Amino acid sequence: MPLSKENVCACGVLSRSLINIPSVYVSSVYDFSGPKKYDQITGYRTQTMMVVPMEDDKGEVIGVLQLINALDEDGNVIPFRTEYEQILSALGSQAAICLTNRQYAQQIQKMLDSFVRVITTAVDERSPYTANHTNNMTLYAKRFINWLNRQQLGWSFNEKEEYIFLMSVRLHDIGKLITPAEIMDKKDRLGENYQRVMDRLDRIRLLTKIERLQGIIGEDGKSSC
């Protein structure tokens, strides 16, 4: 909303002070056409109000708390007591700090997501054999989650669990950043080592056959000793 002094919330931000209104319909200092229109639509009756600036730990006002209709022990609407103003000011500051911390957490998460996107893009672009692999795996994982959540198994991914699972999928190939290109680009991945591996397997097969012929191991593969 416009930061105009006619609006009580905006005035609370501009003046950086708590505003206590004992009777909204009697007050002529501020424009209460908004609350009155809301009352007409809903049948509610806005009578008393307190506006508390939300000042963070840096001394910046990032918003306001608007409290409406204080109640006494019997549930009757009463003005906000002046002895509560200090407590509510502290509450406004706590709310501002909580909101700021939440915003910091969201910014950190966005930075992490951006970093992971850069890393996975770098992995996928290292070799034509891995092109777009991470993005495809993430899409498959998301489809799997959606399918699992539709099965009504009594358990499903919540928002946090889904985020963690998809993040693990995005990072599953991060080791390829340091994998030699000659391995990444080989169709059989073994390259020049292929024949060496096959020779070793032939040697193991022949030694096993010799041991069986000598009676060292039985037909079942177990030692006869």
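Modeller: Angles here run from 0 to 180 degrees between N-to-C directions, and axes are lines fitted to C-alpha atoms. The model is predicted. With that convention, helix α1 (residues 8-15) lies across β1, β2 and β3 and runs at about 135 degrees to β3. Helix α3 (residues 85-124) also lies across β1, β2 and β3, running at about 45 degrees to β2.

Biologist: In what order do the strands of the sheet lie?

Modeller: The three strands form an open sheet in the order β1-β2-β3, with antiparallel pairing. β1 (19-21) and β3 are the edge strands, each pairing on one side only. From one strand to the next, the twist averages 15 degrees.

Biologist: How many bridges join strand β2 and strand β3?

Modeller: Seven bridges join β2 (residues 49-55) to β3 (residues 61-68) in the antiparallel sense. Met50 stands opposite Leu67 in β3, and Pro53 has Val64 as its bridge partner. Five residues lie between the strands of this hairpin, where Gly59 takes a positive phi near 80 degrees.

Biologist: How is the packing of two helices described?

Modeller: Two packed helices are described by the angle between their axes and the distance between the axes. The axes of α4 (residues 133-149) and α5 (residues 159-170) come within 9 Å and cross at roughly 150 degrees. Angles over 145 degrees count as roughly antiparallel, and α4 and α5 are therefore roughly antiparallel to each other. Their crossing is right-handed.

Biologist: Which residues of α4 and α5 meet?

Modeller: Thr134, Met137, Thr138, Ala141, Lys142, Phe144 and Ile145 in α4 meet Glu162, Phe165, Leu166, Val169 and Arg170 in α5. By class, this contact has seven nonpolar, two polar and three charged residues.

Definitions and conventions:
Residues are numbered from 1 along each chain as its sequence is written. This is a predicted model: local features need pLDDT of at least 70, side-chain atom pairs count only at pLDDT 80 or more; totals for chains, interfaces and linings use all residues. Side-chain values use heavy atoms; hydrogens and water are left out. Helices (H or I, at least four residues) and strands (E, at least two) are DSSP runs, numbered from the N terminus. Angles under 35 degrees count as roughly parallel, over 145 as roughly antiparallel, 65 to 115 as roughly perpendicular and the rest as oblique. A crossing is left-handed if the near helix is turned anticlockwise from the far one by less than a right angle, and right-handed if clockwise. Contact means heavy atoms within 4.5 Å. Ala, Val, Leu, Ile, Met, Phe, Trp, Tyr, Cys and Pro count as nonpolar, Asp, Glu, Lys and Arg as charged, and the others, Gly among them, as polar. Two strands pair if DSSP finds at least two bridges between them.
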